[in-house]
Each structure stands twice: as structure tokens, then as C-alpha cells.
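Dear colleague,

I am passing on the structure we talked about, together with some notes on what came out of going through it. Please keep it open beside this message as you read.

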There are 2 protein chains.
Amino acid sequence: MGRRTQAPPISWLMKLPLDHPSLMTGRMALQYGTTVGDPQLRRLTTDRLWQLDSSGGTRSTASLIDRRRASTVRARVGPSPRESKEIYSAERAVITSGSQQLLYMLTECLCDPGDVVLVEDPTYFVYLSIVQSHGLLCRGVRLAGDGIDLAHLEQTLKLLQRSGELQRVKMLFLVSYYQNPTGITTSFVKKVEALKMLKQFERAAGHPIYLLEDAAYRELRFAGDDVPSALAANGAGERVIYAGTYSKPFATGARVGFGILPEPLLDAVVRVKANHDFGTSNLLQQLLSRALASCRYEKHLSALRHRYARKAVAMVKAMREHFPADVLWEEPRGGLYVWARLPGSVKSGLKSKLFQSALRHGVLYVPGELCYADDPTRRKPNHEMRISFGSATEADIRAGIARLGATLRELL
Amino acid sequence: MGRRTQAPPISWLMKLPLDHPSLMTGRMALQYGTTVGDPQLRRLTTDRLWQLDSSGGTRSTASLIDRRRASTVRARVGPSPRESKEIYSAERAVITSGSQQLLYMLTECLCDPGDVVLVEDPTYFVYLSIVQSHGLLCRGVRLAGDGIDLAHLEQTLKLLQRSGELQRVKMLFLVSYYQNPTGITTSFVKKVEALKMLKQFERAAGHPIYLLEDAAYRELRFAGDDVPSALAANGAGERVIYAGTYSKPFATGARVGFGILPEPLLDAVVRVKANHDFGTSNLLQQLLSRALASCRYEKHLSALRHRYARKAVAMVKAMREHFPADVLWEEPRGGLYVWARLPGSVKSGLKSKLFQSALRHGVLYVPGELCYADDPTRRKPNHEMRISFGSATEADIRAGIARLGATLRELL
């Protein structure tokens, strides 16, 4: 672990039992109580995750996974019921200010400058900013339609081993559901295989290599089945970090996220959080707790899914109508984004004619180049764009896509 | 500035005008809009600060400062009206998750491992934890009844200059109102003089030396006058960082704080915040905005002050009754703490008989030793305790002090 995990002077407070009968704990005990997060919210969170991973889908959705199939998969690759129960214990959960804060703190805890993080190629561009701010290096692992290319992961690990850099590899970061930016969902089998592969390289690395699963978009599913998280894989208890959020499926204004972590990392993250803000707003945590307990969360989520599904349909329909035939994309099955691939002759980057012209016409997309790590082993692609259907109205989506289409046709 | 200030890939987003007519900005522009904080809350915050610093006190309190005296002081040492107005501009404010997050991010932005931070001796113990986690060194500056000992500050700076360490000195951290842990308030004249002194050493240091004023307890005043902040001093615009909070004077459950910063630091902090959490909960910000605009904030604050004043009286009365005569303390005039000094024969530290015995009797205090930085130039005192009257009831305060007093009498 990195240098930030050294115990700060306040660590003694954490060793006091929560129900210590102190008369004058004052703000401090209150703060301690909330550094890791509200106990009820942590329990509701891990119970919900356990339910999701057991059933392969929430009850409120039309498309429930075939339970027999799910249990067959688990029987083959998943943990024993006993291990599972421990993995989904509220004691392993921390409440954070959005899942973003967990990504930040975890990286702070786990990595020292010069360490290497494996990321999807492309990946969540704000995570690249976290990585850069900590002085870390990246290697991009190519993506297939069902998640990372395992052969390329193995090849990358072998190359790092050969160059002596494997000792600096600390984790693999996967945005595993409706990935930001590509919309790709990683299959459960791939999570299991990736975890196995990391494990195989640990002896040579000399330390654990963690799998950080960012499930931010998991609940924004509007087609297909849910996929169990990496927590359901064998050996997940010691190596998988699950980052989730209530911001996207409930309210972005209420920045509440969470993490499920192996114990030594959880301790380290809570220590770092004591320095960052000694606890996420208790008010927001109580709000989420009640929403979850009263099923208002489920109702709201269901409405949200239908709304995003309609917006996605509107966007794809407009793209079919207005975009040149050689622009390619997959129809989103969840999340907030369409990832469009342009022909090689058209660049999409910040300095490109396309981006500048789109901006002049009031249309903003995320250039693909921003989503690729600084990886010396390949050139950054510059022909893709992430288009969001999250906050715009359907009418604005149609108008925006029409303008973007006109600009594209001009350039092609 | 430290290495964390390098521009991350998302910095281009920050350069877009806030009212850019993008149709598909989606979550991203929304996130940008809230990374620095809600414009209305920033304006209400700086307006309120300007009012406090102009009048020397809020209108809702009984003890308003003599306005003629305040303006005389300002005429002598304060900025011109024109400079002031710029200093209290909403454009210089950032909203954070409590003031704690600002302390963390600012330290992250400003300091590299091995840098030196000047702190009060003793100081806010969680800040020491932040300092330690960033690999920084500390020098403690002694405290007098009206704030830091200026002669000791000068001596410390000269010693650092002589040893070649002045180039590593980045800032002076002052908890200037009802200090945690001692309850001491720094006079305005001392803030002005300290700022001047730092300025004098800047040429030798080769870079700015900032004054970080943590005003967390400012509004929890129940006796005496308010003191203008360091923002009201000459030259404050480029060197003073003001950290404030709405947690303590309004609701600890709603973790909203703020900072007023020189522009280059503000930019850096906002970039770091984009990595930490891309903005404090908008919901909480709206809540605070409305409370401030509707004067409900003032009403609540006034009730809170009276409540803390009563608790402080109850605590001091119980201490007079139950503590041995050679335990010394000052009556608090605000804040949440009484700082008690024990005779040299009684230790108060974590391993002391006193602490362990108090804990067994259900009483928790913060041992003084935790509030002293690791400063190689002096031994850590171990005969003080910070006792909080913040969250306990008056009856519990009386009972707790009686038990602590019994333990003290046993040991003396």
C-alpha cells in the first residue's frame, strides 16, 4: 500500500467501540460514527447488492435473469454461500461522497507515484485525471463487446513482467456496466477470468493486484439482464473492490456513493476519509436510508430507467436519420452514453474541426481521445465521440443530433 | 505549488462559459457547474463574510463591536474599500464538504512531501493528521492569550532560514477563533502582523508563504466581540486563504464548508475537487442557500449560541466545584472546548492513568499531546486536556466533570 496508509494520530479514536458510554465524546465520536458511514445505510446497501448478485436483477424490472442459469454460473465460478455472506457484510462497506470519492481515496491508499494501473482502453476520463494527479502510469487493455480482451490483458501483464514493471502494478480498473464511455458491459465470466489472471501474476509482482470494479451505471439498465458483480467470483473477498453510487440511479444532487472493500483497504480508506472530510453528510445518508427502506428508491429508479430508455431511443433514431452511414455505434442497453466511431478521415479531438464546429452550433460531446490513457505502447485513437442522452430533453436530443449530423456530413 | 496542480485532462471543460448554449452537456456540464459550488451560495457566503468583517459582528448578537473602533483599526491596517470589495467577491469562493475538505485539498495543492507548515502549538489535531499523510513537516509557534507569539514566529522563521529550510515553508495555519483545542482567539492586529512577517521572509523563501485562516468556530461566539478575519488585512488578497463552515453554526449533518482563496490557488483547488468528488452535494447547497436567504440560518445560529453558552457555563461551574485547585483553565467565550492544564506531575496522554481511568468511567477527552505537532525543536507537552461541551447535555456535562474531577483528585 502507498504512503498515505500510515496511521494518523486520530486512529486511536477508531479503536473505541461505537457504543462506548462516553459522556463527553462531543463532536468527535459523532464524527467517528459517520466517517465509515451510517450503519443502516451500509446494511441496506450490502443487502441490496447481495440480492442483485444472487438474482441477477432487481424485482422491479421486467427482464429478470433466468434464475437457474444464474445459479449454474455461480455454481461453476462463484463462491460458496458461506464466503458470499461474508463478502456482502455491512462491515465491509464505506459510504462516500459519490463513488468518485472512493476511486480517489482508494487510489491514494493503494498507489505510490510511479505505480501502474491497468485500465480499459478507453476508460472513464475523470479516473485518468485521478491517476495523473497521483503521478501514476497506465496501461490500456483493449475492449471487446463483452468487456476486456483477456488475451490482451495477459499479454500486457507478461510485457510488464518482462520489463520489470510488474512490481509496480497495483490494480485493474473496470467500469463494468454500460461503461463510460463505450456503453459496454463486462460479462461475469470475464470478471472471473480477469481476477484469476491477476492472481496468477501476484507471485511475480510480490503483492496483491486488486480488481477495482466501478459499477456506477449498473442500475441504469433498460434492456437485457443484470450481470453479477465481481464480488460473486471465487476469491473476491480479498481482491475485489466494488464502487457503487446512489447519485446516478437516485439523485445526482445527493452525492452518496459506497464501496465494498477487503478489510485492510477499508481501514486505510476510512483513515484517509477522516482526513478528507471525516464522513459524508449524515443528512444525505439518512435520506437515502429512508428512500431505500421505504421502496421509494425502487419506484424512482424504475421511472428513471424508463425515461433514459426513451431518451436513448430518441438519440439512436436521430443518429440513424442524420449521421452519415459510415459512422458506427452500438445501441445502448443502459447507462447514459452512445459511443460513435467515425471513419479514419475525420478527427474528433478537442482541436478538430468537428469538435470546434459542434461547439459553435451549441453541441458538446466528449472527444474519444480524452478517454484514452497515456499509454506508450500505442497511439491514442482520435476518431470517436461520447454523446450523452442523460440530461437533455428528447426534443433537444433530436435537435442536437441533427446539428451534429449536418457538421459530420460537411466534413465527410 | 505541489505536483497535484498540473492540469488534468478535464481542465478544458472549465474553460467553457457557464452559460454555454450546449444542448448535450449532460451530466458533465452539470458537474462542472457544481465543482466550484452554487453561485447563489457563494455570493451569500462572501456577502455575509464582508458584513462580518465590516461590522465586526452579526446583527443578531447582543454584543456588537463598537463600530467606530472597528473602522479605526481598519483605517490603520485594513485594505482600501476597493481592494476589499474584490477580496470578498463570490468569484473567489469555493464550496466544499465541510471546511475540512478545503484544508485537505489546499494542503494537497500547495505542498510537496518534505515541505514545512507552521502551526499553532498546540493546534487542530486532525490537521496534523492531514499534514502527516502528505509527508510534511511542522514547526509549532507558541500561543499567547490573543493568538500566536509573534516573536516566536519570527524566531522560528529565522531559524528555518539559517538551516536552509525556509524554501520549504509554504504556509502558516491558524485556527483563529475559539481555537481547537485551546479556545484562544487571535486578535486582528496579530493577523496583520503575522501576514507582514510572512511577506518579509518571502524573498528568502523564493515563493509565497500563505496564511491559512481556519475560522470554523467563528460564529459560535457567546461572549465578547467578533474580530475581523485576516481577509481584512492589507495584502490579504494574494496571501490569505479563509476556510469557513456551515456545519458547526448550522448543522453538522449537512457537511457544507467554503473557502475564499487567491485565484491561482482557487483554480488548483477546483481542479483537485474535480478529482475528489466533482462538487459538494447540490441538495445541501440549495438547503444552505435558502436557510441563509430566509434568515432561518441566523435564527438557528442565535439559538445554538445560547445553548452552547449555557453548556459552557455548566461545564466551568462543575469544573470549579470538582477539579483540584491546581488545574487551570480559561472560561470559553465561544467554540466548543475548555482547555485544562494539569500540574506537571499528572500526565494526560493516551497511555496515562488519567486517560485510562477516565475512559473506564465513561469520560472521553482529547489528550493534549495529540494536539502538538512532531516538532524536533521541543518536547511534546503531556499535561493538558481538551474537554468538549458540544454534544453532551448539561446534566451529562455535570456528571462527567464530577467523575473526571474524582479521578484527578485520586491522582493528585
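Below are the findings, taken up by region.

Please bear in mind throughout that this is a predicted model.

I begin with the domains of chain A, where the assignment gives domain 1 as residues 13-294 and domain 2 as residues 299-411. The contact between them draws 25 residues from domain 1 of chain A and 27 residues from domain 2 of chain A. On the side of domain 1 that touches domain 2, β2 (116-121), α7 (125-133) and β3 (137-144) of chain A each supply at least two residues, and β3(A) gives the most, with three residues. Sorted by class, that side of domain 1 of chain A holds 14 nonpolar, seven polar and four charged residues.

Strand β5 (residues 169-175) of chain A runs parallel to β6(A) and is joined to it by five bridges, with Leu174(A) standing opposite Glu213(A). Strand β7 (residues 240-245) of chain A also runs parallel to β6(A), the two being joined by four bridges, and here the bridge partner of Glu213(A) is Tyr242(A). Together with helix α9 (residues 188-205) of chain A, the strands β5(A) and β6(A) make a right-handed β-α-β unit.

Leu211(A) comes up again in the largest nonpolar core, which has 246 residues and in which Leu211(A), Val269(A), Leu211(B) and Val269(B) have the most contacts. To take one of these, Val269(B) is in contact with Val94(B), Met105(B), Leu106(B), Cys109(B), Gly259(B) and Leu261(B), once its neighbours within four places in sequence are left aside.

Finally, in chain B, Ser99(B) lies in helix α6 (residues 98-110). Is Ser99(B) buried or exposed? Ser99(B) counts as buried because 24 other C-beta atoms lie within 10 Å, where the cut-off for a buried residue is 20 or more. Not counting residues up to four places away in sequence, Ser99(B) touches Asp214(B), Ala216(B), Ala243(B), Gly244(B), Thr245(B) and Gly257(B). Leu231(B), by comparison, is 132 residues from Ser99(B) along the chain, and their C-alpha atoms are separated by 17 Å.

With best wishes

Conventions. Residues numbered from 1 in each chain as written. Chains lettered and ligands numbered in written order. Predicted model: local features only at pLDDT ≥ 70, side-chain atom pairs only at ≥ 80, totals over all residues. Domains from an automatic or database assignment. Contact = placed C-beta atoms within 7 Å. Nonpolar A, V, L, I, M, F, W, Y, C, P; charged D, E, K, R; others polar. Core = buried A, V, L, I, M, F, W, Y, C linked by C-beta atoms within 7 Å. Buried ≥ 20, exposed ≤ 12 C-beta atoms within 10 Å, placed from the backbone. Pairing = 2+ DSSP bridges. Right-handed = clockwise from strand over helix to strand, strands pointing away.
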